[in-house]
Each structure stands twice: as structure tokens, then as C-alpha cells.
Amino acid sequence: MLRVENVSYSYDGRRGAGDVTLRVDDGGALIALAGPNGSGKSTLLKLIARVLAPQRGEIVLDGRSDWTAKEYARRVGYLPQESEDVFTMKAIDVVVSGRAPYLSRFAFESESDYAEAEKALALCDASHLAQRFLDEMSGGERKRVFLARVLAGAPRLILLDEPFAALDIAHVQQFSRLLREIVDRTNSTVVFASHDLNWAAAYSDRMIVMREGRIARDASPAEVMRADVVRELFGFEALAIDGWLVPNLQR
């Protein structure tokens, strides 16, 4: 489905991504993009989403790199980190705006578009939020609405940048399990960035660990969630207990 070939991008001389190469095959998978802050996770997602254009290298989707913006948006959905802006708008109207790639110029959403929006809300266990306004919701509820907006466009590849940010631990667990369920129900592939190793690994099929703008490890969660790997990649001592990492507090 997706090939990233030797892609690089720098911000005013500071490397965001350097010679990144990876492949994402078709068929549902939940892929965690892990790494410390500043490691290049957000930059890589923006490059795949075409928010940024590679300064070197190529991104190929289904054998092509020449998709129009609307064609690409039908296949790849992107949810950036949530902004602080909360506006007064009903959830169903937010979600149906995800149908924009399927509308002709100046066209309005049809009944079938609203049906797709309702289906997306249901996938996110958020049907009860349809008629509520965003500024009346908790952060976790808003995240479900914005995820439903992405799903309303029926993309095969979904990119999420730090979807667990600002959630308490109970909502992190709920949201990470929700991502697993979406992959299983829709056979889409979800790639999500997270600096929390435990929740990145919890339900994922694959972990891609970035460090200093490059891919440092691409393996199964079991192969990443080991004390020696964490020491090598993150520089801290941890204990691996039943697939979860805890700090090693020995003094």
C-alpha cells in the first residue's frame, strides 16, 4: 500500500526526518510510531499525510506518487494533535465534514454523507454525542468525534498524531482499545504516534521507533519492549514485566 523511500525533511537546518525508508502493506494493522519528543514522529506523519513535501526521497501510495489532493484524501486520513481551540459546533456536523473529499465543488452533504457520518460515530462508540456541541464535551469525547471525522472519509490508511495526549490513564486505555477495534472492524491500517511506550505497545501489531529523525527499530512490540532495547534507544533503565515497562528504581 505505502512505500516511504529515503525521505528527508529539515526545518531551517534542523533535521526532522532523515533518509527514512519504510513499507506499510495492505490489510488491517495497528502500527505504533514511538520515540521521545523531537525524534521525528510528527514530521514523518505530516510527510505521509502530504502536509509537508519531502525535500528528498519519495512517498508512493498504491504504486503512485502523483495523486491529486482529493484522491489522496480519500485514501489517507490524518488527525493532527488537537489544538486548544474548541468551537461551538455539533458533533454530527464536525464528522460529516470528513466527507469533503467526495463532494464536488460547492456541493452540500447529502443524506448518504450524513449516514456515513453516523456510521463513523458508531464505530467510535460516540453515537450519543451526535447532537452535542464540542464545547460541551470532555477532551476524550472530542477525540472520539475528531477520529470519527477521519473515519467518515473511509480511508484505508489512518494517521494519528499523539491521540493519547492530555487523556487520563482510563481514557488512554479506552482510546487505545478503540483503535484496535477500528482496525479489526474496518480492515484499515492505523499508524499512531505516541511517546508512551506501554500504551503504544498494548494493542499494536508493530512498533516503529524513531530516534533523531531516523528509524531506530521496526519490530513487533515483544521485540521492542525489552529492558536492553529501551536502554539502547531511550537511555534509561527499566524492568520488563509481562510486556510492560516500569522504571528500575534501584539505587
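# Close-up views of a predicted model

**View 1. Arg 180 and Asp 205 form a salt bridge between their side chains, with an N to O distance of 3.0 Å.** The structure shown here and in the views below is a predicted model. The two partners come from distant parts of the chain, 25 residues apart. Arg 180 belongs to helix 6 (residues 169-186), while Asp 205 sits in the loop between helix 7 (197-202) and strand 8 (206-211). With a relative accessible area of 16%, Arg 180 is buried. Asp 205 is partly exposed, at 38%.

**View 2. Arg 206 and Asp 218 pair across two strands.** The closest N and O atoms of this salt bridge are 2.8 Å apart. Arg 206 is in strand 8 and Asp 218 is in strand 9, so the bridge ties together parts that are 12 residues apart in sequence. Asp 218 has a relative accessibility of 39% and counts as partly exposed.

**View 3. Arg 214 and Asp 19 meet in a salt bridge.** Their side chains come to 3.7 Å, N to O. The pair links distant parts of the chain, 195 residues apart: Arg 214 lies in strand 9 (residues 214-219) and Asp 19 in strand 2 (residues 14-24). Arg 214 is partly exposed at 35% relative accessibility, and Asp 19 is partly exposed at 33%. Salt bridges with shared partners join Asp 19, Arg 56 and Arg 214 into one network. The count for the structure comes to 18 salt bridges. Side chains of opposite charge can pair when their charged atoms come close.

View 4. Leaving aside residues up to four places away in sequence, Leu 147 touches Leu 79, Cys 124, Leu 160, Phe 175, Leu 178, Leu 179 and Ile 182. In soluble globular proteins, nonpolar side chains tend to be buried together.

**View 5. The largest cavity has a lining of nonpolar residues, with no polar and no charged ones.** A search of the whole structure finds 1 cavity of 30 Å³ or more. About 60 Å³ of space lies in the largest cavity. Its lining is made up of Leu 2, Leu 22, Val 24, Ile 31, Leu 33, Leu 44, Leu 45, Ile 48, Val 191 and Ile 208. Strand 2, strand 3 (29-34) and helix 1 (41-49) are the elements that give two or more residues to this lining. Helix 1 provides the largest share, 3 residues.

**View 6. The second largest pocket is lined by 16 residues.** Its volume is about 280 Å³. Ala 73, Val 76, Gly 77, Tyr 78 and Pro 101 are the lining residues that lie nearest the centre of the pocket. At least two lining residues come from each of helix 2 (69-75), strand 5 (76-79) and helix 5. The lining of this pocket divides into 10 nonpolar, 4 polar and 2 charged residues.

Notes:
Residues numbered from 1 in each chain as written. Predicted model: local features only at pLDDT ≥ 70, side-chain atom pairs only at ≥ 80, totals over all residues. Heavy atoms only, no water. Contact = heavy atoms within 4.5 Å. Salt bridge = Lys/Arg side-chain N within 4 Å of Asp/Glu carboxyl O. Helix = DSSP H or I, 4+ residues; strand = E, 2+ residues; numbered from the N terminus. Buried < 20%, exposed > 50% of the residue type's maximum accessible area, 1.4 Å probe, protein only. 1 Å grid on protein atoms, 1.4 Å probe; cavity = no way out; pocket = protein on both sides within 12 Å on 5 of 7 lines; lining within 4 Å. Points joined across faces, edges and corners; volume = space filled by probe spheres on them. Nonpolar A, V, L, I, M, F, W, Y, C, P; charged D, E, K, R; others polar.
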